[in-house]
Structure formats: structure tokens, C-alpha cells
2 protein chains.
Amino acid sequence: MKSNEKVENNGVSRRQMMIGTGALAAGAAMAHFGGLLKSAEAKDGSTEKWPWPYEKLDPAKTAELAYEEWYRVFCGAAVINSVFSQLREKIGEPYKSFPVDSFVFLEGGMVGWGTMCGSNTGAAMVANLIIGPRIAGAHEGHQISEDMFQWYSEASMPVFVPKTPKVTTELVKTVSDSPLCHVSVGKWMKASGFPIGSPERKDRCARVAASNAYHLVELLNDWKDGKYKPASTHAPVKEFGITAQMNCMECHGNNVPTPPMAKK
Amino acid sequence: MKSNEKVENNGVSRRQMMIGTGALAAGAAMAHFGGLLKSAEAKDGSTEKWPWPYEKLDPAKTAELAYEEWYRVFCGAAVINSVFSQLREKIGEPYKSFPVDSFVFLEGGMVGWGTMCGSNTGAAMVANLIIGPRIAGAHEGHQISEDMFQWYSEASMPVFVPKTPKVTTELVKTVSDSPLCHVSVGKWMKASGFPIGSPERKDRCARVAASNAYHLVELLNDWKDGKYKPASTHAPVKEFGITAQMNCMECHGNNVPTPPMAKK
């Protein structure tokens, strides 16, 4: 299930441009601490105590659940509920109290605006809800989010094929080279010829959600076993001097701007 | 506080391209119903019963809270907690049990990848948690999300100036014409000359979070009073045949692809 394939995108490598590394320590500079407001405190005191209890899950079963759930709550909430519905049964709280269905809005790169693919946002949410935020001292939630975004960008999607697909024709696979819904769906639509409202496009996105759910559970299981190692190599602020994807030239062409840099 | 200004972005209008409208009814086609998995059920049964109880808040006070919280939890969680910290005091559950700090990962357009600005994701989360998802029958959460994204894209940011700014020099304002972190921050960095790790850039983003919190509360207060009216005019799937922002030419130049369309 892990994608090892090289990204081939019109001969443009994934890391299309790099600017001076080490000029910025913005990552470090962003690490602030100190509580200002009283945050969540559940009756059992558990929702902002990390990690949340986790039991290893079956990736294939989780993927099947995500696939089915896509047709009810769409990509983001499908990924979340594929994991949380199982942990609700196995563990109970705090999973029972988490309002998964509110995250339908992640669909279509957030209410159809084509930004971050909901399957990525959903996966990052699950990792950060279970493991906790970096400001609480654990970094694996942040790292698993980055791994998911990079894995998604490099994978030939959809990776996962459900046991009983709702669309039985074979679906074209494409590499998005981006975590964005617009880019991922657009490249697939171009390669497949299917419009956004087609059953094929919908089933493709349901399978993308399933693919993400599968890989997310692989990473969470590794984390539970104490053998998780971050895989993402994309460090935009450090490398590019700005928050960014890795595909600079895909939007900027050959005219990639140089951001203002910190004095050394 | 509402931004009425025209977007001027090198003479390119916000709605740079339109393709045949009405060819797709994908929005409608996406409306599936029917529960497959048991979803959240809090002990008091409240987290997936919408709307959550809401009391009108003071926009300026909320913005000040978001500004301060940015320096602890960054953009996304700052917007969420600026609203939820007050509702925790005024109302209690389900706000007390919601794990706001897990959403630190929304920073930098999600773990620094420059996609959706966390201040937008945070605002959409608050609207959809309180009002509920469109599949539960209420559409205002979805609509307020769209309004926030469009307002953010068109506003001269940062709009809000805190009472006691941490950076006292006047900050340049820029129009992003996009809800993305990379585009919004990049345009501001270009206009201001300040690098990503500078105190000025950080304070700019803290003020953007505050601006979003202010406008979000304006919309939520209107909704509470029964006088909310959707303002967003961007309907990408219907207009463009694909999930998208409104600034097609900013990435595609004059070579905007035509997506495959549904047969009429």
C-alpha cells in the first residue's frame, strides 16, 4: 500500500525549485508557549489530554468503511468516521462525543472551493486529535499530517479498490503532485474524461478517501507500536521561505518569485 | 467591518473566467442521505444535535481574544477558541468538551503547506459545529463558510487593529484574491518586504485571525437573530465544472483548461 513510485509529471521533478536553506528558522520561531485562555475540559477531563486512547485497527476494514461513508458524509468526514466509528465501539469516549458529521464541509476542498482535499484534512484531524498538537509536546500528529499530504501527492490515486465497488468500470489513476482537491480532481478528470458530477468521479473520490484511511491507519498503528518514523521530506518554510506546496512551477511557471528573506 | 471594496489585482477581475453555467447539477447530485455508521453520541446526546446553543458575542472582544490566542495556538485554533472560550463560560457543554488545541495543525495553511488559511478553516469549523452540516438539514454553516472565504479573499487584510498591538509599526494591507495561506501571505510579504519569520509577518497573521473572528461573529449573531443572508457569489462547480477558487488565471495564465462537462 505504500507508494514508492517516482512522480513523473511532464518531466518536472517534485522538488521543482529550492532557495537557500537555513536562512530562516521560522519553524523554531513559530514555537510559542504559554496558555492565555482556558481551553477544553471535558467532564472526564480527557479531550485535551493526549494521546487519546488508541487501539490498532485493520487498514483494509477502515478503508472499506471510508469508502461507504463517502456516500453519506463525503471525503473529510468519511476519513474521520472510518477511524472514529471503530474506536467508538472499541474504546468509547472521547470518540463518542466527537461531532464527526460537522465536518461534511471539508468536501470538495472545503465547501467546493478546491483547496485542501478533505481526505487530507480528515486524516490530519484524526492524527492530531489522537496524538495531540505539537504545542502539547508530541510531534507525531504534525508529522503524520505531513506524511499523509506528501504520500497523497505522490500516490497514483485512487490506490484502494473496494471489495464491492459501486462503479465497476476500471478507473484511471493519476498522480496529483499536490494535496489540493482542485489539482487532484482536475488531473484525474483530464485523464479520465469524466465530469465532476459523474458516478465515476464520485467513486474515484470515495476510493481516494479509502486510500487515505488505509494509509493513515498504517501510520497510526506504527505509532502505537512505537515504530513510527516520519517520511515527509517537504519543509517549505525552511526551503522556500514561505508556506507552500512543492510544485512551485505548476502555478508560477518559470517566474517563481523570491520571497523576502531574513537577514543572516 | 464588512469589506465593500472592489478587488483590484493588476486589473484582473475576481471572476476571471466563466464557463457554461447550468451544465452541471453536481451540487444537487452531491446531496446524499441515509446513515451508514453510528456517529457521535455524547452522554448528554448533544454534540450531533444541531444547532449547538449559541449566545451572541461581541465581535471586537472576540477579535482581541483571537489576536492574543494566535501567539499560543496560531491561526486556526485561535479563531476557534476566540468563540468557544466565551461560549464555554456562557453556556458550558458541548463547548467544554471540544478539543480546540488539536487544531494547531491548521497553522500555515495546514502544517505549513500553504493551503487553506487556518483562519478560514477555523471559521468554517465554528460555523459548522454550531449550526451543523448541510446533510442534517441546515445550510447556514455551509453558507457562512463560503461567505468567510470570499470575504477573506476580497478584504484588505489585516482589517482588524488590536487595542494593544505587539508590533507597533503600521502594517501594509493587501488583498489576497484567494483563501489560500500561500497566496495571502505571499502577496503581503511581497508588498511589505517582511520575511516569513519576522515579528511583522506574525503580527499580520494574528490580525488576520482577529479579522476573521470579528466577521464570523457578525455572521453568527445575524444567524442567531434570524436575519442572516448568504453573501457569497462564488459557485465553482456550477460555474467552472470543477471545485475551484475564483482566480483561475492566477495559476493557469491564459491557458485555463476546460474540464470535461456533463452531457446536456
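**Close-up views of a predicted two-chain model**

**View 1. The interface between chains A and B.** In this predicted model, 82 residues of chain B are in contact (C-beta atoms, placed from the backbone, within 7 Å) with 81 residues of chain A. Elements of chain B that give two or more residues to this side are α1 (26-29), α2 (59-90), α3 (118-131), α4 (140-154), α5 (181-192) and α7 (236-240). Helices are DSSP runs (H or I, at least four residues), strands likewise (E, at least two), numbered from the N terminus. The largest share, eight residues, comes from α2(B). By type, the side of chain B that touches chain A has 44 nonpolar, 27 polar and eleven charged residues. Here Ala, Val, Leu, Ile, Met, Phe, Trp, Tyr, Cys and Pro count as nonpolar, Asp, Glu, Lys and Arg as charged, and the others, Gly among them, as polar.

Residues are numbered from 1 along each chain as its sequence is written, and chains are lettered from A and ligands numbered from 1 in the order in which they are written. Local features need pLDDT of at least 70 and side-chain atom pairs 80 or more, while totals for chains, interfaces and linings use all residues.

**View 2. The axis between the copies.** A 180° rotation with 0.0 Å of shift along its axis superposes chain B on chain A, at RMSD 0.0 Å. In chain B, the C-alpha nearest the axis belongs to C251(B), 2.2 Å away. Of the interface residues of chain B, 99% are also interface residues in chain A, so the copies meet through the same surface.

**View 3. Helix α5 of chain A.** Buried residues (20 or more other C-beta atoms within 10 Å of their own) include C181(A), V185(A) and W188(A). Their cover includes β1 (156-157), β2 (174-175) and α6 (199-224) of chain A. G193(A) follows the helix, with a positive phi near 80°.

View 4. Where pLDDT is low, the predicted coordinates should not be read in detail. For the complex, the predictor gives an ipTM of 0.86 and a pTM of 0.86.

Definitions and conventions:
Two residues are in contact if their C-beta atoms, placed from the backbone, lie within 7 Å. A residue is buried if 20 or more other C-beta atoms lie within 10 Å of its own, exposed if 12 or fewer, and partly exposed in between; C-beta atoms are placed from the backbone. Copies are superposed by least squares on the C-alpha atoms of residues with pLDDT of at least 70 in both.
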